[in-house]
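Trainee: Could we go through this model together, starting with its surface and then moving to the chain contacts?

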Amino acid sequence: MHIPEGALSPQTYGAAYAVMAPLWLIAGRKVGRLRARQVPLLAIGGAFSFVIMMFNIHTLTGTTGHATGAPLIAILLGPWTAVLVMSVVLAVQAFLFGDGGITALAANCINMAVLMPFVSYGVYRLLARWVRRGLAAGIAGYVGINAAALGTAILFGLQPLLAHGADGRPLYFPYGLKITIAAMMTEHLLLLGFVEAAVTALAFGYLSRTEPSLGSEVAARREEAAVGGRG
Amino acid sequence: MKARRLWIILLVLAVLTPIGLWVPAHFHAGDAWGEWSLGTIREQTGRVPPGMAREAGRWQAPMADYAPVRRSPSAGYVVSALVGIVVCGGLLWFLGRWLTRREARDAP
């Protein structure tokens, strides 16, 4: 799901930076209203996301994939905190490890640091009233990673439409929307969504037992309360 | 908040990360979809789109492909995991401290 260097045309990655710039500012402001003693949780969340993304598995179509931890962070620490945490993780992956492009960083943030946390968080809040919270967290992970996969597929698949040479052939990512959406959604709907669901539900269950203050919705609401209460 | 226990769990996960290399290798899986090298794209489509060729080599990452140890991919992977934990954790700790600095000063 990490769009590599050179896959996106300059107008695509430029637009992605224009979209992300205000979101990064808002995320910074919202995180600034957290309590200082929650700061270690940001660090632990980011480190967890980085490590969990290294556990690649093979998909049934001969490619690889992995969970991200973004839904878990969004549910436990709030979606805006997840925007900041995931953006830092994606930047470290791009700059130090060449995983995802520098130019594509904002585009990758739209998918994995915005779409995934906010969709997961929304699904969790919707379902947590009706089903067990662990189950709600798992479903949120499944839906969240699929939202991000769809966003990635659309950004990939738009490239042949947006940028082609005089001969009509693509300048950047060569596959169109039909192929990108079919490929990305097949592996995420059938397999990787369940991996993210399992990671989210298991980690959520563990943290609910060992860190009750986190596992309750109190932590997820704290961000909103802080924002609503002070600003 | 028992943060120390969570950090220990992360270190255990870091040591286990080579599983994330062995499983795909066992099933002969390739790259993640769309994250191919230019060579793979040439194999698939018969050409490298010129824009990709121009931009792809723009950034040379110091620990590219999570393989900083030439002789042992697994050791390099664990090193990458530890570096990632320290750098991600460190950056977020400092960023979090900086962003919440007024809160920290006002706290009783």
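**Surface patch and interface**

Mentor: B:Ile8, B:Val12, B:Leu16, B:Ile19 and B:Trp22 make a nonpolar surface patch of about 460 Å². Patch residues have over 30% relative accessible area (Shrake-Rupley, 1.4 Å probe) and no salt bridge, with nonpolar side chains joined within 5 Å. This is a predicted model, in which local features need pLDDT of at least 70, side-chain atom pairs count only at pLDDT 80 or more, and totals for chains, interfaces and linings use all residues. Residues are numbered from 1 along each chain as its sequence is written, chains are lettered from A in the order written, and side-chain values use heavy atoms, without hydrogens and water.

Trainee: Which helix gives the largest share of the nonpolar patch?

Mentor: H1 and H2 of chain B each supply at least two of its residues; helices here are DSSP runs (H or I) of at least four residues. B:Leu16 lies in helix H1 of chain B. The largest share, three residues, comes from H1(B).

Trainee: How many residues of chain B are in contact with chain A?

Mentor: Contact means heavy atoms within 4.5 Å. On the chain A side, 67 residues take part. For chain B the number is 63.

Trainee: How many salt bridges does the rule find across the interface of chain B and chain A?

Mentor: The rule asks for a side-chain nitrogen of Lys or Arg within 4 Å of a carboxyl oxygen of Asp or Glu. The side of chain B that touches chain A divides into 40 nonpolar, 12 polar (Gly among them) and 11 charged (Asp, Glu, Lys and Arg) residues. Across the interface, the number of salt bridges found is zero.

How values were computed. Patches are made of residues with over 30% relative accessible area and no salt bridge: like charges are joined within 9 Å, nonpolar side chains (Val, Leu, Ile, Met, Phe, Trp, Tyr) within 5 Å.
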